[in-house]
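Here is a short briefing to read with the model open beside you.

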Amino acid sequence: MVKPGRPVTIVLPCFRRATSIELDTCFLPIKLPPAGELPALEMLSISGNIVDLGALLNRCPRLRVLRVTFRGVKPGTLELAIAALQAAAALGLVLSRLGIEFDYVDGGQNIDGACFASLLGAVATLSPLELFFENGFREWTEADMLCFPHTTSIEMNLYRLRFKQLPAGEFSALERLSLSGCTLVNIVTMVSRCPRLRVLKVIADKFARDVTVHSASLQELEICVTERSWCRRIDIRTPLLKQLNLNVHGNTALTVSIMAPLLEKVSWRWEYAELPLMFGFWSLRMVKLVTAESNNGKDGVLNNDAQDACSPHPCINVLSLDVNASYHLGAAMNFVAEIEKIPVTNFSVLELHITQRGHVYGAFLLCLFGMHHIRTAIRSLKVLLPWHEMSGTLGCLENCPCNEPTNWRSQNISLDNLAEVEIDNFRGGDHETDFLTLIFKWAPILKRMTVRISPQIKQDKFKACAMDTRNIFSAYPSVNCSLFIGHTSIPSTCS
């Protein structure tokens with residue numbers, strides 16, 4: 001048994017008959033025994049704190065393909081290892097993957113900008129098929145991006161790094177590019193110099209303001225703009241794009257232009273810098289749309305919006321809205337215009353995360369369902385209320401705007417396609433039971449209703465809430481109704 005704190009080194013035995021070896025020691029050092037070869041070895045995948053790569057290569061006379069990841073290796077040792085790789089590559093060795101995971105020292109990696117630039121230059125001469133960098137710098141560092149003409153995949157998770165200049169040449173073989181934490185001064189130019197690029201992933205930092213991607217080859221795109229940077233414009237022109245993942249922060253002034261006629265799968269998350277008003281004093285914090293696999297109608301959702309309803313795994317689009325009641329009024333928004341910014345509008349599932357803070361939300365939902373696109377599109381509705389009452393919640397004041405229009409209980413709208421409804425953390429009370437009753441009246445083809453009473457409700461209120469809910473259920477025997485307290489089913493005579 002190794003004693004705690006005692007350094008451990010992995011000694012690679014000489015496997016004389018092995019033609020392929022895969023070894024990952026995390027950050028433990030790897031070295032060779034004093035003597036011996038690996039005479040039959042043709043393919044080697046090795047990851048860890050590799051002490052002397054040159055000596056290892058010298059003992060593998062038949063090695064043809066190498067995948068190597070350096071973890072926690074000191075800069076001087078890295079330079080020697082890359083020199084050994086350059087010599088081996090000149091003799092025909094194929095460097096399938098080169099990964100470098102820098103060691104952290106006092107919150108940052110143990111090399112500076114000049115050392116990284118020198119290291120990157122040496123790596124560029126190798127141009128491995130796959131290139132991977134991991135970890136970050138103590139302070140913001142700048143470097144020039146170099147050209148890797150033979151590399152098919154580049155992944156750089158390097159925080160506090162900014163590439164200030166791009167090379168003149170093309171990344172003629174590059175098919176996958178992933179940048180996290182580091183910034184390219186001009187992503188538009190970079191993409192234009194990657195004629196075979198199929199996958200692009202960028203997690204932008206505080207330098208990013210506009211998202212512009214034009215590519216004739218791109219098939220998968222993921223863009224994340226962090227909270228430190230409010231996105232102002234999205235401009236995407238990708239005729240072959242099939243998957244799009246956008247996670248941005250901005251406000252209603254954000255302009256969106258997306259041309260992707262073959263788009264199949266979308267994940268769109270848009271958080272607002274300032275809470276704009278939807279209706280009355282209800283503010284919109286976030287809009288999210290996700291393409292998910294349908295349960296082939298078993299979940300009660302029709303597949304009219306699926307890309308291929310005959311597919312074994314047809315897809316549905318789920319629209320989620322995070323809504324808050326607030327007296328801190330922001331600027332009014334054009335909600336229809338905001339929804340139209342999403343590249344996919346044929347959603348059939350609507351999820352509403354409502355932080356009502358003791359207010360009436362039935363009038364708000366009447367306004368929302370009154371919108372033509374919402375009213376005609378949704379086939380499944382899920383209303384998620386807070387697990388517990390917000391601290392400091394005092395409920396409605398007299399003539400509170402949350403109850404406008406005041407005649408919402410007598411309004412009649414038709415949710416012609418709504419087949420399934422689920423309400424989580426239901427607490428009862430007049431306005432919640434009134435809303436529940438209206439849903440039954442508004443949805444003529446409703447097949448399933450699930451109500452989960454909040455586990456935080458007081459015992460005396462729970463009995464009244466459960467009884468009122470059962471009474472409503474009993475008036476609609478054709479609907480499959482279920483009542484829960486949290487996730488525990490409550491016995492009911494309703495089918």
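The axes of α8 and helix α9 (residues 459–474) come within 10 Å of each other and cross at roughly 15°. That makes α8 roughly parallel to α9, where angles under 35 degrees count as roughly parallel, over 145 as roughly antiparallel, 65 to 115 as roughly perpendicular and the rest as oblique. Please keep in mind that this is a predicted model, in which local features need pLDDT of at least 70 and side-chain atom pairs count only at pLDDT 80 or more, while totals for chains, interfaces and linings use all residues. Residues are numbered from 1 along each chain as its sequence is written, and side-chain values use heavy atoms, with hydrogens and water left out.

**Helix α8 and its two partners**

- The crossing of α8 and α9 is right-handed; a crossing is right-handed if the near helix is turned clockwise from the far one by less than a right angle, and left-handed if anticlockwise.
- On the α8 side the contact is made by Thr433, Leu436, Thr437 and Phe440, and on the α9 side by Asp468, Thr469, Ile472 and Phe473; contact means heavy atoms within 4.5 Å.
- Sorted by class, the contact of α8 with α9 has four nonpolar, three polar and one charged residues. Here Ala, Val, Leu, Ile, Met, Phe, Trp, Tyr, Cys and Pro count as nonpolar, Asp, Glu, Lys and Arg as charged, and the others, Gly among them, as polar.
- Helix α6 (residues 362–369) also meets helix α8 (residues 429–442): their axes come within 11 Å and cross at roughly 25°. The axes are lines fitted to C-alpha atoms, for helices over the stretch in contact, and the angles run from 0 to 180 degrees between N-to-C directions.
- α6 and α8 are therefore roughly parallel to each other, and α6 passes α8 in a right-handed crossing.
- Leu365, Leu366 and Phe369 of α6 make this contact with Phe435, Ile439 and Trp442 of α8. By class, the contact of α6 with α8 has six nonpolar, no polar and no charged residues.

- Six of the eight residues of strand β18 (residues 243–250) are buried, so β18 is largely enclosed by the rest of the structure. Buried means under 20% relative accessible area, exposed over 50%, and partly exposed in between (1.4 Å probe, protein chains only).
- Strand β16 (residues 220–225) pairs with β18 in the parallel sense over five bridges, and Cys224 stands opposite Asn247 in β18. Two strands pair if DSSP finds at least two bridges between them.
- β18 also pairs with β20, in the parallel sense over eight bridges, and the bridge partner of Gln243 in β20 is Lys265.
- Lys265 lies in strand β20 (residues 265–272) and, at 44% relative accessibility, counts as partly exposed.
- Leaving aside neighbours within four places in sequence, Lys265 is in contact with Lys242, Gln243, Leu244 and Thr291. The C-alpha atoms of Lys265 and Val290, 25 residues apart along the chain, are separated by 7.8 Å.

**An open sheet**

- Three strands form an open sheet with the order β9-β11-β13 and parallel pairing.
- Its edge strands are β9 (141–144) and β13 (183–184), each of which pairs on one side only.
- β9 and strand β11 (residues 161–165) pair in the parallel sense over four bridges, with Gln165 in β11 as the bridge partner of Asp144.

- Lys31 is found in strand β2 (residues 20–31), and at 44% relative accessibility Lys31 counts as partly exposed.
- Not counting residues up to four places away in sequence, Lys31 touches Thr9, Ile10, Val11, Leu12 and Val51. Lys31 and Val51 are 20 residues apart in sequence and 5.7 Å apart in space, C-alpha to C-alpha.
- Most residues other than glycine have a negative phi.
- Cys26, which lies in strand β2, has a positive phi, near 55°.
- Ser127 has a positive phi of about 45° although it is not a glycine. Ser127 is found in the loop between α3 (113–126) and β8 (130–134), and at 7% relative accessibility Ser127 counts as buried.

**The whole protein**

- The secondary structure comes to nine helices and 29 strands; helices (H or I, at least four residues) and strands (E, at least two) are DSSP runs, numbered from the N terminus.
- Of the 495 residues, 50% count as buried.
- Among contacts between residues at least 6 apart in sequence, 51% join residues at least 24 apart.
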